[in-house]
Amino acid sequence: MDNTKEATEKLISLYRHDFLNILQVVGGMAQLKKTDKLMTYIRKASEEVQQFGRFIGCGDPRLALMIYETLLENVAGNYVLQITGTLAVLPDNVLAALEQTLQPVRALLEGLGECTLSVAINGSDSKLQIYIINDANREVDWQPVLEQAQLHGLQAEVLAKKNELVLYLDKLGPASEK
């Protein structure tokens, strides 16, 4: 999606939908007088709403929407978002390279099944970090993702933890200049 306004509107719609779902659950718990669970749920929901709000404000709503639609939507398990700083609006070629690079990440997630996905956007360093924790605690095979990144000129590396991938969003290599 090229238009930042359209991406922002779609993200806000998703945000509103999730918030309304939370309010329905809170209302149901209150009606059933499940006050012991209600405060715990409210704290958790509040954290999630704040987290998603920071995600929307990462600096490039097109990137946030792409990450949501490619990785977070319908993920089997949980996800955690960490946003530090604000990204500059990414050039279209970086966004296109990232879109292609994230496809094998989605396939990886589907193959793992239940897992926790951590997505961190660091605006000051222009990088996207993806960390996967799976129940079997087995190493993640990032090779298809690294190959896609290289094919599309996006710099990427796997950190020593083996389950963490870093994608650098501030420059593309020779493959993107074709």
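The protein has 5 helices and 5 strands; helices (H or I, at least four residues) and strands (E, at least two) are DSSP runs, numbered from the N terminus. The model is predicted: local features need pLDDT of at least 70, side-chain atom pairs count only at pLDDT 80 or more, and totals for chains, interfaces and linings use all residues. Residues are numbered from 1 along each chain as its sequence is written, and side-chain values use heavy atoms, without hydrogens and water.

**The whole chain**

Select the 5 strands next; they form an open sheet in the order 1-2-3-5-4, with mixed pairing. The edge strands, each pairing on one side only, are strand 1 (77-84) and strand 4 (154-158). From one strand to the next, the twist averages 15°. Two strands count as paired if DSSP finds at least two bridges between them.

Now select strand 2 (115-122). Of its 8 residues, 7 are buried, that is, under 20% relative accessible area (1.4 Å probe, protein chains only). Strand 2 runs parallel to strand 1, with 8 bridges joining the two; here Gln-82 stands opposite Ala-120. To pass from strand 1 to strand 2, the chain goes through helix 4 (residues 92-112) in a left-handed β-α-β crossover. A crossover is called right-handed if, with the strands pointing away from the viewer, the path from the first strand over the helix to the second runs clockwise.

Strand 3 is joined to strand 2 by 8 bridges and runs antiparallel to it. Gln-129 in strand 3 is the bridge partner of Ala-120. The two strands form a hairpin with 4 residues between them, and Ser-126 in the turn has a positive phi of about 50°.

**Across to strand 5**

Keep Gln-129 selected: Val-166 in strand 5 stands opposite. Strand 3 (residues 127-134) and strand 5 (residues 164-172) run antiparallel and are joined by 5 bridges.

**The covering helices**

Helix 5 (residues 143-151) lies across strand 4 and strand 5, at about 155° to strand 4. Axes are lines fitted to C-alpha atoms, for helices over the stretch in contact (heavy atoms within 4.5 Å), and angles run from 0 to 180 degrees between N-to-C directions.

Note on methods. Buried < 20%, exposed > 50% of the residue type's maximum accessible area, 1.4 Å probe, protein only.
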